[in-house]
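Dear colleague,

I am passing a structure on to you, and my notes follow it. Please look it over before you read on.

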Amino acid sequence: MKEFIRIFFISFEFLTILFSIFAYIFLGGVLENLLKMIALNEDMLKYILPIPVAIFCWIFKDGGKFLFRDTEYAKILVHLDEYKKLKICFYVGFIYAVSSLIICIISAVTYQKTALHTIAFCCGVLVLSIVAISFYLAQGEIKDIFVKNSS
């Protein structure tokens, strides 16, 4: 449990969330004024909402396939010392992905031209992107481990 909490709070995803909170606190007024000056198209939401949904779908489709025990990757990974930490990292990533998608959907469905909605949506997309990039890079590392152990 300690490892899970440590990985959850010491991550780029958590840092992005903290940065977004500070941006809202310290730059919220500036962003509010900027949003008042910009004329946004109301159809924007139907084009921008699929972005976090697509990232989320990729994360769940390709991101966790290494953790399923019936794959040949998992049969090798289970015997590694770092497998438990790897699983925890994937689970933390999945938690961040689900929570970020929910934040994106809520902020898009209830969208108003406010700093809170804009920062929440952008933060959600950024966190989803960080999780997707982390999973993509982890897949490369796992494939390298698989090649090393199969030769």
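How many nonpolar, polar and charged residues are there, by class, in the lining of the largest pocket? The lining has 15 nonpolar, three polar and five charged residues, where Ala, Val, Leu, Ile, Met, Phe, Trp, Tyr, Cys and Pro count as nonpolar, Asp, Glu, Lys and Arg as charged, and the others, Gly among them, as polar.

Please bear in mind that this is a predicted model, in which local features need pLDDT of at least 70 and side-chain atom pairs count only at pLDDT 80 or more, while totals for chains, interfaces and linings use all residues. Residues are numbered from 1 along each chain as its sequence is written, and side-chain values use heavy atoms, with hydrogens and water left out.

A pocket here is an open set of points on a 1 Å grid over the protein atoms alone where a 1.4 Å probe fits, with protein on both sides within 12 Å along at least five of seven lines, and lining residues have an atom within 4 Å of a point. The largest pocket holds about 590 Å³ of space, a volume being the space filled by probe spheres set on the points. Among its 23 lining residues, Leu86, Cys89, Phe90, Ser134 and Ala138 are the closest to its centre.

Cys89 also belongs to a helix contact (heavy atoms within 4.5 Å), in which Glu3, Phe4, Arg6, Ile7 and Phe8 of H1 meet Lys85, Ile88, Cys89, Val92, Ile95 and Tyr96 of H6. The residues of this contact divide into eight nonpolar, no polar and three charged.

Best regards

Note on methods:
Helix = DSSP H or I, 4+ residues; strand = E, 2+ residues; numbered from the N terminus.
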